[in-house]
Amino acid sequence: MVQGSAQSSTIDDMPPPIPVILAPYNPDWPRMAAGHAERLRVLGSTLVIVHHIGSTSVPGLAAKPVIDLMPLVTDLADLDRERGRVEALGYEWHGEFGIAGRRYCTLSAENGIRAVQLHFFQANTPHAERHIAFRDYLRAHPAVAAAYENEKRRARDLHPNDSHAYTDEKSAWIRKTEATALIWYAGFKK
């Protein structure tokens, strides 16, 4: 167990579920993601790189209009010491939030609607690779991206007011596709 104040950074503080709204792809999402990524430079040498992930990072894919970023850091203990800098940007810190080795943070717009989610991982971990592989696989395979959009609509129709249940509902489809994506992605790394 982590000692001192860093211990609280790994305790899950679950944000409440939000309604599931799937918006048509917005060509401004990459620009918005880049702007939020730029703000994370306050982390200095702790920050390695920020990847735009999730559905808003796949051109043409309908998505919840929430930007998902995956900042990769040198070390989670270093990030935990920088927690105040992340919170000073307006983010709520939720700890691991069900995934060991992650720090999950959310940012809401002035109207209270969630706008950005950060999924911090240490660089060069399997979690980072799986997110990049899934994103790149969807970008390279439009038919799979279309199938994912259908799965998202199915999950939304079952759980329109509960983003947590929506996520759980589509998780089997994601795990199966992610396994294929990781094999595909490994072929590029050879």
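## A pair within helix α3

E87 and R83 form a salt bridge, with their closest N and O atoms 2.9 Å apart. A salt bridge here is a side-chain nitrogen of Lys or Arg within 4 Å of a carboxyl oxygen of Asp or Glu. The two residues sit four apart in helix α3 (residues 83-88), so about one helical turn separates them. Helices (H or I, at least four residues) and strands (E, at least two) are DSSP runs, numbered from the N terminus.

E87 is partly exposed, at 34% relative accessible area. R83 is partly exposed too, at 21%. Buried means under 20% relative accessible area, exposed over 50%, and partly exposed in between (1.4 Å probe, protein chains only).

## Basis of the model

This is a predicted model: local features need pLDDT of at least 70, side-chain atom pairs count only at pLDDT 80 or more, and totals for chains, interfaces and linings use all residues. Residues are numbered from 1 along each chain as its sequence is written, and side-chain values use heavy atoms, leaving out hydrogens and water.

## Other salt bridges

The structure holds 13 salt bridges. One of them joins the side chains of R41 and E38, at 2.9 Å from N to O. R41 is exposed, with 60% relative accessible area. E38 is partly exposed, at 46%.

Another links E96 and R103, whose closest N and O atoms are 3.9 Å apart. E96 is partly exposed, at 22% relative accessibility. R103 is buried, at 4%. Shared partners join D80, E96 and R103 into one salt-bridge network. Side chains of opposite charge can pair when their charged atoms come close.

## Nonpolar cores

The largest nonpolar core has 22 residues. Such a core is a set of buried Ala, Val, Leu, Ile, Met, Phe, Trp, Tyr and Cys residues joined through side-chain atoms within 4.5 Å. L79, V86, Y91, L118 and F120 have the most contacts inside the largest core. At least two of its residues come from each of α1 (29-39), β2 (67-73), α2 (76-81), β4 (102-108) and β5 (114-122). Another core, of 19 residues, lies apart from it; M70, L72, L138 and I174 are among its members. In soluble globular proteins, nonpolar side chains tend to be buried together.

## Around Y91

Leaving aside neighbours within four places in sequence, Y91 is in contact (heavy atoms within 4.5 Å) with H36, R39, V86, C105, T106, L107, V116 and L118. V86 and L118 also belong with Y91 among the residues that have the most contacts inside the largest core.
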